[in-house]
Amino acid sequence: MSIKRTLILCLFLLARNFAWAQEMTYTVSPVLSDTPYYHIELACRGVSGDSLQFSIPDWTPGYYQLMDYAAAVRNVQAKDINGNTLLCKKTGKNSWWIYNTSAAPVINLQYDVRSTRLFVASNYLEADRGFISPAGMFMHLKGHIEQAVTLTVKPLNGWSVATGLRPVPDQQYTYIASDFDVLYDSPILMGKLETFPSFDVQGKPHHFIAYRPREFDRAAFMKDLQKIINTAADIIGDIPYDNYTFLGIGSGMGGIEHLNSTAVSFTGGNLNKPEEKIRTYNFLAHEYFHHYNVKRIRPIELGPFDYDHGSKTRLLWVSEGFTVYYEYMILCRAGFTTPDEVLRALQNNIHAYESKPGRLLQSAAGASYNTWSDGPFGAGDSSISYYEKGPVLGALMDLKIRHETRNKYSLDDVMRALYREYYQEKKRGFTEAEFRSVAERIAGVSLAECFDYANTVKTPDYKKYFGYAGLDVATKDGSFAITRRKSMNTLQESILKDWLP
Ligand SMILES: [Zn+2]
């Protein structure tokens, strides 16, 4: 083929691709009224076909409950490029069909989203604050999750906007997401916000932006947070994002992890009380560590997400439970808590789990899988909580690996191997069998008993496992107490010292 013909063919292919290129641009405006809502406009360019299906997710990753976001969507309307109204019909729980009968290449979609619940998985708006949980706000063209999207926020007067989304240079409050997974993973906080002094870890900037925080020492708080992030990053040995933002949405309960941000209930009002401060640090360490464990080190079911039905996995005892375990480890290694405080947290978890009648009926894997119907906290008589059993399983597996390898390896090595082999190299999640195989490779022995404790209702042999670190576990009046033995062998001493420095 001649150079000229090749050139013509390339230009033709390029032109064809341009004609097909689809562009989606969102504009979101808060509207204060008796029932506050966001008005959404979506311009779709380069669409094809005479009927288009738009969908809003039914849940947001990180919060394993169906949310029925579609119930808050109102006044859906569509027009073509000439302003002609297009027929628009809701079909199913969370989808709308737009009949683009004139096959217009540009259509504009508009709708409102009622936003009245202040919660990290919900949309909220009031006189001086707005929060967007994007899975509950933005529709995607069915089958086009990989579509890039531009978003402009129109905040009210005197407001600022905070999000982990990448800003478009020179366009205020305009952001770009490489696909809808990234958009859905990037909450937006707006209103009367305060930015605390930022810091770098491994050259990456970390921000904390909060709605009307109370009185406390901002600089001291950020110094502590930097220590927490340094310690967490040292466990995995790599920081995969360009920047990270904590979004403090105000009072309330809960936090949700994201790839380069987290939305947390936070006022800072309790940072002046030592015990409450540690509780807050545990919470922030937990949400932060999730950007590794669950967002990147993840079960295979958690991506690509099934936004319509939820993504069920039997491994939340690892994704959530081990994250609780690592919040204990991070705070202890960073010097905020003592080894005895970690042991107390673990004995409280054992006690909580052993007090649940559901422990005889539901395994940690079962609790993970059934959280969509049972909830995560083991309410009722037939379920347990992976937030309670999960960290204990983390401790047992960690101690077993340290014991079997004569304290050469630990659970940290398992987490690092999963990060490297599945997130970095294979770029996917792991199956249960793959998770077990990595853990057993590091341990150098079978971990059948540990996995039995996760997959069945068999009672863990706490005495044996804590004994690897020279600890005793005693039961008194139904409570569990973990204490140090008077005499330990050299291996036990070194395990305890390295495990809880
Ligand atoms: Zn969590």
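Before we look at anything else, let me say what I mean by a salt bridge, which is a side-chain nitrogen of Lys or Arg within 4 Å of a carboxyl oxygen of Asp or Glu. Side chains of opposite charge can pair when their charged atoms come close. Please keep in mind throughout that this is a predicted model.

With that definition in hand, take Asp 128 and Arg 212, whose side chains meet in a salt bridge with 2.5 Å from N to O. Asp 128 sits in the loop between strand S8 (124–126) and strand S9 (129–132), while Arg 212 sits in the loop between strand S18 (204–211) and helix H3, so this pair ties together parts that are 84 residues apart in sequence. Over the whole structure, the search finds 23 salt bridges.

Now to the overall layout. The chain is divided into three parts, with domain 1 covering 21–186, domain 2 covering 192–279 and domain 3 covering 292–460. If we turn to domain 2 and domain 3, their C-alpha centres lie 24 Å apart, and the contact between them takes 17 residues from domain 2 and 19 residues from domain 3.

How much area do domain 2 and domain 3 bury between them? The value is about 1700 Å², and 70% of it is on carbon and sulfur atoms. Across this interface the rule finds zero salt bridges, although five residue pairs are in polar contact between the two domains. On the side of domain 2 that touches domain 3, helix H3 (residues 218–236) gives the most, with nine residues, and by class that side has 10 nonpolar, two polar and five charged residues.

Next comes the metal site. Which residues coordinate the zinc ion? They are His 286 and His 290, each through NE2, and Glu 320 through OE, at 2.0 to 2.1 Å, and along the chain these donors follow the spacing H-x3-H-x29-E. His 290 lies in the loop between helix H4 (274–289) and helix H5 (316–333), whereas Glu 320 lies in helix H5, so the pair ties together parts that are 30 residues apart in sequence.

Finally, some backbone details. Most residues other than glycine have a negative phi, and most peptide bonds are trans. Here, however, a cis peptide bond joins Gly 303 and Pro 304, with omega at about -5°, and Pro 304 belongs to the loop between H4 and H5. Asp 170, in the loop between strand S13 (166–167) and strand S14 (174–177), has a phi near 65°, which is a positive value in a residue other than glycine.

Notes:
Residues numbered from 1 in each chain as written. Predicted model: local features only at pLDDT ≥ 70, side-chain atom pairs only at ≥ 80, totals over all residues. Heavy atoms only, no water. Domains from an automatic or database assignment. Contact = heavy atoms within 4.5 Å. Buried area = accessible area lost by both parts, 1.4 Å probe. Polar contact = N/O pair within 3.5 Å; in protein donor to acceptor, adjacent residues only side chain to side chain. Helix = DSSP H or I, 4+ residues; strand = E, 2+ residues; numbered from the N terminus. Nonpolar A, V, L, I, M, F, W, Y, C, P; charged D, E, K, R; others polar. Donors = N, O, S within 2.8 Å, 3.2 Å for Na, K, Ca; no water.
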